[in-house]
Amino acid sequence: MAEALLEVAGLRKRFGGLAVTDDVSFDVAAGEIHAVIGPNGAGKTTLIHQLSGTLRPEAGSIRFGGREVVGMGMARRARLGLARSFQITSVLPGFSALENAALAVQARCGSSFRFLRMAAAERGLNDEAMAALEQVGLGARAGVMAGRLSHGEKRQLELAIALAMRPRLLLLDEPLAGAGPEETERLVGILRGLRGQYAILLVEHDMQAVFALADRISVLVYGRVIATDVPAVIRANAEVRAAYLGEDEAA
Amino acid sequence: MRAALVVLAALAAAPFLGFGEGYSLTLLARVMILAMAAVSLWLLVGGAGLVSLGHAAMLGIGAYAVVVLDDVRITDAAVVVPVAMGAAGLFALVTGAVAIRTSGVHFIMITLAFGQMAFFTASSLAAYGGDDGYTLYGRMTVLGHRWLEDRLVFHYLCLGLLALALLGTQMVLGSRFGRVLRAARENELRVEAVGFSPYPYRLVAYAVAGAVAGLAGVLLANATEFVAPSYLAWQRSGDLLFMVILGGLGSLQGAVLGAVGFVLLEEWLGHLTEHWRLIFGPLLVLSVLFLKGGLVGVLRRG
């Protein structure tokens, strides 16, 4: 395997007496879909927060493209190519879908301290934003206010915004959260289409989707990574079954 | 922008429609100047989501710049205007650098505190009349010409600058800069997640709004040929904020509609009764309760 794009080593975070991230180490290679699964409360979202820069770990290192990013804020990491989608949809409701994506294009194309020209009329921004929307199948809805999109469409828009950033790594925090069966199918199709083009760290509850998409899976239990391997091995791992899959079957 | 253009057209025609005498023109100048200050405040409140309760300080600093220069007999607009806008913009930049680190109620309180600081400073300037204020020697000259003494010229100057402020602000809101600003108002987390840190954008907007309010202060000083610390009082900041909310945060033209509505209502009630505040206050409360989206919202629905 080539040198990893994202290398997490010895990451620790405590909330009071509770170790939510307990000596977590793993890596994501270029072009790889690496899924992180774990029961509720395992610390998946906390981990994403630390990777994206909204929470500061107490110890450990996060190297992205060979650079240490622990001291950087979210905006800085985003400019380096670390794009994050949110578990709870976070779009700009009063902006059109196209403008939502165009803002992300704008962030990496030249200065935004420009005061005179109409941003909405900038071909360069709009074309790339449109391409991102089309990539997730939202091209026909470009002119619709994001607040008026259906839940599934908002999930697609989340993805489109992340893609419009032309990221090197996508951090997807439960991209299927709250989606119905049809929406899930569509979103999984979109994610499959991204395989190989982007490195993806996928945190997801939907086991079927995870085992269908992931190249490797890390299992997080009580803040610790108990196993990292290819899906077939993870599925057979007794400890994982006990900690997680068994619980799912029981439910 | 249609309603605002109708208002501007009405203001342009007013001198020829029986509002050409001194008293009417003084009132209309006040309307236009406060509308300009309201437009600059709208950029902050409606555009950036920064609810400032200290905007009168920018207006007052512009006016006091006129006073300070008048005192040393510098009265030409070519010097006064840049100095006043620069002073107000600089004050906004410095206080904004601190204030914008906070948000919500804290931002309101800290802008109020800076505004009061400026107010008490102005009150203590004995050389410029302290609490009693300062009467100017006369209006500014423009490149040596005494054009502004003419009421009509002053009327159209105010109108022209209001139109310029309105169009300029509209343009800024639509630019890349304005898009970041508006996006950060809607969802700060989303803006950071795509790679923007909102702080510098907000700070620049705050300074620009301050400079424009400073220009309004220059006009206000020249309109009345008198400047007092009350220009900077927090009540005036409250009035400006009210104009913006009365007009509506849905569109920039709300600032103009709000200012016109506010000043004319105040004036009309003042003629009706000595106790006009007893009516004005409840009317303001009712307008907030029942005019959803402000005057702009009413026009949209109507």
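**View 1. R166(A), just past helix α5(A), has a positive phi of about 50°.** This is a predicted model, where local features need pLDDT of at least 70, side-chain atom pairs count only at pLDDT 80 or more, and totals for chains, interfaces and linings use all residues. Residues are numbered from 1 along each chain as its sequence is written, while chains are lettered from A and ligands numbered from 1 in the order in which they are written. Helices (H or I, at least four residues) and strands (E, at least two) are DSSP runs, numbered from the N terminus.

**View 2. Helix α5(A) is mostly covered.** It spans residues 151-164 of chain A and reaches 20 Å from first to last C-alpha, close to the 20 Å expected at 1.5 Å a residue (1.5 Å times one less than the number of residues). Twelve of the 14 residues in α5(A) are buried, meaning 20 or more other C-beta atoms lie within 10 Å of a residue's own, with C-beta atoms placed from the backbone. Among them are E153(A), K154(A) and L163(A). The buried residues pack against β6, α3, α4, β7 and α6 of chain A.

**View 3. G195(B) sits in the loop between α8 (188-193) and α9 (198-224) of chain B.** G195(B) counts as buried because it has 24 C-beta neighbours inside 10 Å. Leaving out residues up to four places away in sequence, G195(B) touches A75(A), A78(A), R79(A), A107(A), R108(A) and M165(A); a contact means C-beta atoms, placed from the backbone, within 7 Å.

**View 4. Residues 152-173 of chain B are 100% helix and 0% strand.** The end C-alpha atoms of this stretch are 31 Å apart.

Conventions:
Contact = placed C-beta atoms within 7 Å.
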